[in-house]
Amino acid sequence: MAINVLVVDDSAVVRAMISRAIAADPGIRVIGAAGDGAAAIALVKANATDVVLLDVEMPVMDGLKALPQILAARPGVAVIMASALTR
């Protein structure tokens, strides 16, 4: 059974690169991609998501604001926070 992953980043290039890289593993299925936290919440509610790869800085709703709503929408989902802006 594959791990269902949602990729959330405001950069379409980053979403595509990450999606391609993790989808190369046969045990992982990218079930969707979102450009902001609000879209991520909607996708988590609509899909059986196991893992959310979540950017921190995004327009509309950033990852830190979206995180509690994602966890409430899908209890037990694993969330990996990522940011190019951190050291």
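Reader: Over how many bridges do β1 and β2 pair, and in which sense?
Author: The model is a predicted one. One of the bridges links Ile-3 to its partner Ile-28 in β2. The pairing of β1 and β2 is in the parallel sense, and the number of bridges is six.

Reader: Which strands stand at the edges of the sheet?
Author: The sheet is open and has four strands with parallel pairing, in the order β2-β1-β3-β4. From one strand to the next, the twist averages 20°. A strand with a single partner has one side left without a neighbour in the sheet, so the edges are β2 (28-34) and β4 (78-82).

Reader: Is Asn-4 buried or exposed?
Author: Asn-4 lies in strand β1. Buried means under 20% relative accessible area. The relative accessibility of Asn-4 is 8%, so Asn-4 counts as buried.

Reader: Which side chain is joined to that of Asn-4 by a polar contact of 2.6 Å?
Author: Not counting residues up to four places away in sequence, Asn-4 touches several residues, among them Ile-31, Ala-48, Asp-50 and Arg-29. The side chain in the polar contact of 2.6 Å is that of Arg-29.

Reader: Which element gives the most to the largest nonpolar core?
Author: That core has 13 residues, and Leu-6, Val-8, Ala-40, Val-52, Leu-54 and Ile-70 touch the most other members. At least two residues each come from β1 (3-8), α2 (37-46), β3 (51-55) and α3 (63-73). With three residues, the element that gives the most is α2.

Reader: Within what arc do the buried residues of α3 fall?
Author: The buried residues of α3 are Gly-63, Ala-66 and Ile-70. In an α-helix there are 3.6 residues a turn, so residues three or four places apart point the same way. On the other side of α3, Leu-64, Lys-65 and Ala-72 are exposed. The buried residues line one face of the helix, because seen down its axis they fall within an arc of 60°.

Reader: At about what angle does α3 run to β4?
Author: The cover over the buried residues of α3 includes α2, β3 and β4. α3 lies across β3 and β4, and its angle to β4 is about 175°.

Reader: Which residue caps the N-terminal end of α3?
Author: The cap is made by a side-chain oxygen that lies 3.0 Å from the backbone nitrogen of Leu-64. The residue that supplies this oxygen is Asp-62.

How values were computed:
Residues numbered from 1 in each chain as written. Predicted model: local features only at pLDDT ≥ 70, side-chain atom pairs only at ≥ 80, totals over all residues. Heavy atoms only, no water. Core = buried A, V, L, I, M, F, W, Y, C linked by side-chain atoms within 4.5 Å. Buried < 20%, exposed > 50% of the residue type's maximum accessible area, 1.4 Å probe, protein only. Pairing = 2+ DSSP bridges. Axes fitted to C-alpha atoms, helices over the stretch in contact; angles between N-to-C directions. Contact = heavy atoms within 4.5 Å. Arc of directions from axis to C-beta. Polar contact = N/O pair within 3.5 Å; in protein donor to acceptor, adjacent residues only side chain to side chain.
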